[in-house]
Amino acid sequence: MTSLCCCQGDNLLALAEAVVALAEVLELKAEPSGAVEGLIIESRSDRGKGPVATAIVQRGTLRRGCVLVAGTSWAKVRFLFDETGRAVASAGPSAAVQVVGWKDPPSAGDVFLEVQSEQRAREAVAWRSDAAEQRRLAEEQDAIELKQQLHLDAYRKQREGLTHLGWRQRKAALYREHRKQVALRPSERTPREGRSLALIIKGDVDGSVETVLNILDTYDAQQQCELELLHFGIGDVSENDVNMAAMFAGDHLDA
């Protein structure tokens, strides 16, 4: 079998003959009548012509005045141009033409269909746009719910590692956890996503601090607002406590 090389324009005639012969053997035929259907190859905005799409007609005969819908765009065909830039009155199956008259540039790969009127085209585009928006919102909601669940799982895992410890051991564990973050400059810290509240808990006696910590262990609304316990201990709120709260963008201080 002789190979055909068309990357540099060689053997184009042989390729065309092979395609025609294969189409005849397989009895491949297109219907030149009926509603127009085809495929958008590319689109662009032309300063003089407006949105222009290059399309291949797959069924029917495309003429000036046809109303087309492709994706979320529609057109009333004003002009048709062939591959040489010459204006043509119509284009049948397998013809590649530039279509002028689009309201917005369609996307490459979109299938275009002929509809009965401009009103039907507007209705189809409105329905498709609404469906696309609903899909986008659903995808965003799924992403939000997944992120919330991941945050909640991480929080619960963190709390599980501290619940069996006494408050002094918790204090040491929290210190080790946040020591690296405190050392970072504010510009080096990763910005938080969503609402968060950094807490510093100080009490007059051990029992008070332990009671507050036990209450925090029951907190289960991390998806609405993430609580981050930076430090806790006994004594008055110090300047260091305030500075730590500021470092972690925590403007709430629980004493």
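Biologist: Which residue is the bridge partner of L68 in β5?

Modeller: Please bear in mind that this is a predicted model. The partner of L68 in β5 is A75. That pair belongs to the contact between strand β4 (residues 67-70) and strand β5 (residues 73-81), which run antiparallel and are joined by 4 bridges.

Biologist: How many residues lie between β4 and β5 in their hairpin?

Modeller: There are 2 residues between β4 and β5. In the turn, G71 has a positive phi of about 60°.

Biologist: With which strand does β5 pair over 2 bridges?

Modeller: Two strands count as paired if DSSP finds at least two bridges between them. Strand β6 (residues 87-88) meets β5 over 2 bridges in the antiparallel sense, and L80 stands opposite V88 there. β5 and β6 also form a hairpin, with 5 residues between them; G85 in that turn has a positive phi of about 85°.

Biologist: Over how many bridges do β5 and strand β8 pair?

Modeller: β5 and β8 (residues 96-102) pair over 4 bridges, in the antiparallel sense. Within β8, V100 is the bridge partner of F79.

Biologist: Do strand β10 and β11 run parallel or antiparallel, and what joins them?

Modeller: Strand β10 (residues 196-203) and β11 run parallel, joined by 8 bridges. I201 stands opposite F232 in β11.

Biologist: How many of the residues of strand β11 are buried?

Modeller: Buried means under 20% relative accessible area. In β11 (residues 226-234), 7 of the 9 residues are buried, and the strand is thus mostly covered.

Definitions and conventions: Residues numbered from 1 in each chain as written. Predicted model: local features only at pLDDT ≥ 70, side-chain atom pairs only at ≥ 80, totals over all residues. Heavy atoms only, no water. Buried < 20%, exposed > 50% of the residue type's maximum accessible area, 1.4 Å probe, protein only.
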